[in-house]
Amino acid sequence: MKKINIDELVRPHILHMKPYSSARLEYEGNDGVFLDANENPYGSVSGGQHNRYPDPLQMQIKEKLAKVEQVREEQIFLGNGSDECIDVLVRAFCEPQKDAILVCPPVFSMYEHVAEAQNIDIARVLLQPETFQLDMPAIRSKIAEMPNLKIIFICSPNNPTGNLIHADDIEVLLQEFSGLVFVDEAYLDFSGQTTWVHRLQEFDNLVVIQTFSKSYGMADARLGILYAQERVVHFMNTIKLPYNVNQYSQELALKALDKISVKDQYVSELTAGRDYLMNELAFIPLVQKVYPSDANYILFRVQDANALYAYLIQHKIIVRNRDSAPLLKGCLRVSVGTEAENQRFISVLKQYSN
Ligand SMILES: *Cc1c(COP(=O)(O)O)cnc(C)c1O
């Protein structure tokens, strides 16, 4: 068991900060005469019943998630999308103009984005070309060089390359690094692998995020989940805005968690769609390389990604142009769509002559 003192990692001023105490937390009963939160007791101008503040700690959802993932409720933080989880984590642990995070591009840009907004230093160690695995020697030297490094961000399956990051490498980082190791599992469901959440007992410095935005198909509800040891979650709760997840998103999440088999059904349709796209792309001459995918998108390389991107737009097919990302010259990323959308994409691609 890796012992890390989270109290020594958190920004010093947060260590003794008191969480904002909302009216809804001071009295937790369900019935009573609620005259504590300056709400409108009659109702809502919009119609419907929207006059009461939602549960600031989203306990009903956490109860369900705790059962599903076999963790304690206190090890769960819910955010307005996993974007908010990332933002709150960075703001809790990284001191502006002093601390740093490490990212391994090409990767999801949100980690850098929130760090940049807080004036937090960003160390970049590129993934290895073509395999898109971690460059462990280079990461190790950054760790050695940078005592101000607080969080290493890993995305597995990696967006936009689609591959899982070797679990052995992640485990080495968890053992060797005395800051936080963050594993983004937004696409885990499409990989068939087990979650790192089950390893929280072993590693005090492990932080995992998942989301309702992809396999659950609930991107507009904005609901992300972060799992970490209790002390990490405690500090995040301390600085978060009190009502960060609205009532409707909470209700939707509760419904979804009673129907996880529906998600599994979507996942199997999407992985079948991914296989179809993989097979088809491999036989299109203009496609030079199709990268393996454990996610619901595929990265592929062509001679001129900008030209192909523009051509697809003309046919009202929108993919992600990754041509300018490090290591991804000539690459486009296509999300798996419905069967009809996938077929349309392939047929338009086949008509391209350039
Ligand atoms: C889509 C995505 C997320 C999810 O973000 P939300 O804010 O929960 O919608 C997280 N990480 C990665 C790598 C993603 O691609």
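**Exercise 1.** How far is a nitrogen atom of the ligand from an N or O atom in the side chain of Asp184?

*Solution.* Before we start: this is a predicted model, where local features need pLDDT of at least 70 and side-chain atom pairs count only at pLDDT 80 or more, while totals for chains, interfaces and linings use all residues. Residues are numbered from 1 along each chain as its sequence is written, and side-chain values use heavy atoms, with hydrogens and water left out.

Now check the pair at Asp184: the gap is 2.6 Å. A polar contact is a pair of N or O atoms within 3.5 Å. Then Lys214: an N or O atom of its side chain sits 3.3 Å from an oxygen of the ligand.

**Exercise 2.** Work out how much of the ligand the protein covers.

*Solution.* Start with the ligand on its own, which has 390 Å² of accessible area (Shrake-Rupley method, 1.4 Å probe). The protein covers 94% of that.

**Exercise 3.** Which pocket holds the ligand?

*Solution.* Pockets are found on a 1 Å grid over the protein atoms alone: each is an open set of points where a 1.4 Å probe fits, with protein on both sides within 12 Å along at least five of seven lines. A molecule sits in one if more than half of its atoms lie within 2 Å of its grid points. By that test, the ligand is in the second largest pocket.

Methods:
A polar contact is a pair of N or O atoms within 3.5 Å; within protein, one must be able to donate a hydrogen and the other to accept it, and residues adjacent in sequence count only if both atoms are side-chain atoms. On a 1 Å grid over the protein atoms alone, a cavity is a set of points where a 1.4 Å probe fits but cannot get out, and a pocket is an open set with protein on both sides within 12 Å along at least five of seven lines; lining residues have an atom within 4 Å of a point.
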